[in-house]
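Please open the model in your viewer and keep the selection tool at hand. This tour moves from one selection to the next and says what is there at each stop.

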Amino acid sequence: MWRSCCLVLVCAVLVSAQFPRECVTPEGLRTGQCCPSPSGLPADPCGSSAGRGQCVSVAADARPHGPQYPHDGRDDREQWPVRYFNRTCRCNGNFSGYNCGRCRHAWTGASCDQRVPVVRRNVMQLSADEKRAFVSALDQAKRTVHPDLVIATRRYTEIFGPDGNTVQFDNVTIYNYFVWTHYFSVSKTFLGAGQPSFGGVDFSHEGPGFVTWHRFHLLQLERDMQDMLQDPSFALPYWNFAIGGSTCDICTDDLMGARSNFDMNSLSSNSLFAQWRVICESVEDYDTLGTICNSTETSPIRRNPAGNVNRPMVQRLPEPQDVADCLQVNTFDTPPYYSTSSESFRNTIEGYSAPKGNYDPVVRSLHNLAHLFLNGTGGQTHLSPNDPIFVLLHTYTDAIFDEWLRRHDSTLYPEENAPIGHNRGFNMVPFWPPVTNAEMFVTAPENLGYSYEAEWPGQALTMTEIITIAIVAALMLVAVIFAATTCAVRARSHKMEGHQPLLGDHYQRYDDAKSQSVV
């Protein structure tokens, strides 16, 4: 471990980070401690005297990772976040936040003891007023500076500025921070001037952490927007993208923006989102110069649903049956815990495997297919959250994940040998305070404070089941026909017997006057 730390110092780690504004002082960065006091509790780190939390050492995952990343010691994100800070607040009970000054999700009140329902619903089932409110809230988040967090604008070796005492951090809006964290997690490892950056690293995709990372990513945005709106019950809706066909049903001006009448790759000018501008677009500069995405906004959002004529496979959305099949995959993840895993629920929902779980390098399904269907900003990994459809697409992906956890064994998350950043105990990059993949690998209603209002497609019958049902139905039909025929014969027999005399004419009756007896 010490050898790795020395290597980091020598090799100039080349990724940036985000942290609380209060902590990014020269003293804070040099001491490695980020344990601020909550508002109203001065000189009380983490609110310890009020029982809110305590300042503790950061626990960083040291278990071996997979072979996909061969450059140990060259990236700040390794053993996150100890390159920057090694002490953080650990909050008690329902308190949370970087200084334990917040309540946990779905709790409110001065003592964080009042439960609030947070229910994520299908965006297509919202009322017109609810749709307007949601779109307006997203737009507000795009324009509201994050009250707590800032992003680094230089690599760590340059973080103290030219004079060694001016830290290089900048403000960012709530929504742009959401975009930036995603970019940061997928950015390449810069290996030095004149050398190609290493792209075989991804802290939020192509591994078990795909579902847990994006779960916390959404949770953080939802929590930030609740604070912004001063509404602890605010919930992000979801887009059920598994509707089949080639129509984007949420691409309307009352929701995520219709197609422009003048440019098929642009949004309608009637949509608020036509005014949005993307960040983190200059990927070539980041990779060749070692520069960092900052909060500078550049181009408008591009989107052309089902418009990729060169790839017919991505011109249609997933089908309902794809979700039903995916939920039947029994194992959470399988070696090598990567985008080549087969019979893996995670690789299936991410979309590198077919819906029934078999890996196929040609296939793109579910989450991946929905992104590629959008054909534009939303189809490029480093840019995709710039298109706000990302939020709705990922809430539905998370809903599927939560339903899978409800139906299956939720203890089988790999402890080690997953791609770097994806082990069970790894602190997810670049979130602060540190949160592990394991903490998000739980059912949401009972553990994370939110739930989904969703219905799930039924599982299609297998051929064996169809044949079995057909045979049983045929046997039942035969039995019914036999029973009906038998009843009819008996009824006819009884009818005939009712009209036939008990004795024939050749027998004497008791009332025959000619004889007293019957022979």
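Predicted model: local features only at pLDDT ≥ 70, side-chain atom pairs only at ≥ 80, totals over all residues.

Select residues 1-16, where the pLDDT is below 50 and where the model has 36 contacts beyond near neighbours in sequence. Then select residues 495-519, over which pLDDT also stays under 50, with two contacts beyond four places in sequence.

Next, select Ser-96, Phe-216, Pro-434, Val-435 and Glu-439, which lie nearest the centre of the largest pocket among the 43 residues that line it. The volume of this pocket is about 1100 Å³, and its lining divides into 20 nonpolar, 15 polar and eight charged residues. Helix H5 (209-229) is one of the elements that give two or more residues to the lining, and H5 gives the most, with five.

Now turn to the aromatic rings, of which 31 pairs are found in the whole structure. Show Tyr-69 and Phe-198, a tilted pair with 6.0 Å from centre to centre and 55° between the planes; the two residues are 129 apart in the chain. Tyr-69 is buried, with a relative accessible area of 3%, and Phe-198 is buried as well, at 18%.

Move on to Phe-203 and Phe-426, whose ring centres are 6.2 Å apart and whose planes meet at 45°, so this pair is tilted. Phe-203 lies in the loop between H4 and H5, and Phe-426 in the loop between H10 and H11.

Finish with the aromatic cluster that includes Phe-19, Trp-80, Tyr-156 and Trp-432.

Key: Residues numbered from 1 in each chain as written. Heavy atoms only, no water. 1 Å grid on protein atoms, 1.4 Å probe; cavity = no way out; pocket = protein on both sides within 12 Å on 5 of 7 lines; lining within 4 Å. Points joined across faces, edges and corners; volume = space filled by probe spheres on them. Helix = DSSP H or I, 4+ residues; strand = E, 2+ residues; numbered from the N terminus. Nonpolar A, V, L, I, M, F, W, Y, C, P; charged D, E, K, R; others polar. pLDDT = per-residue confidence, 0-100. Contact = heavy atoms within 4.5 Å. Phe/Tyr/Trp six-rings, centres within 6.5 Å; stacked < 30°, edge-to-face > 60°. Buried < 20%, exposed > 50% of the residue type's maximum accessible area, 1.4 Å probe, protein only.
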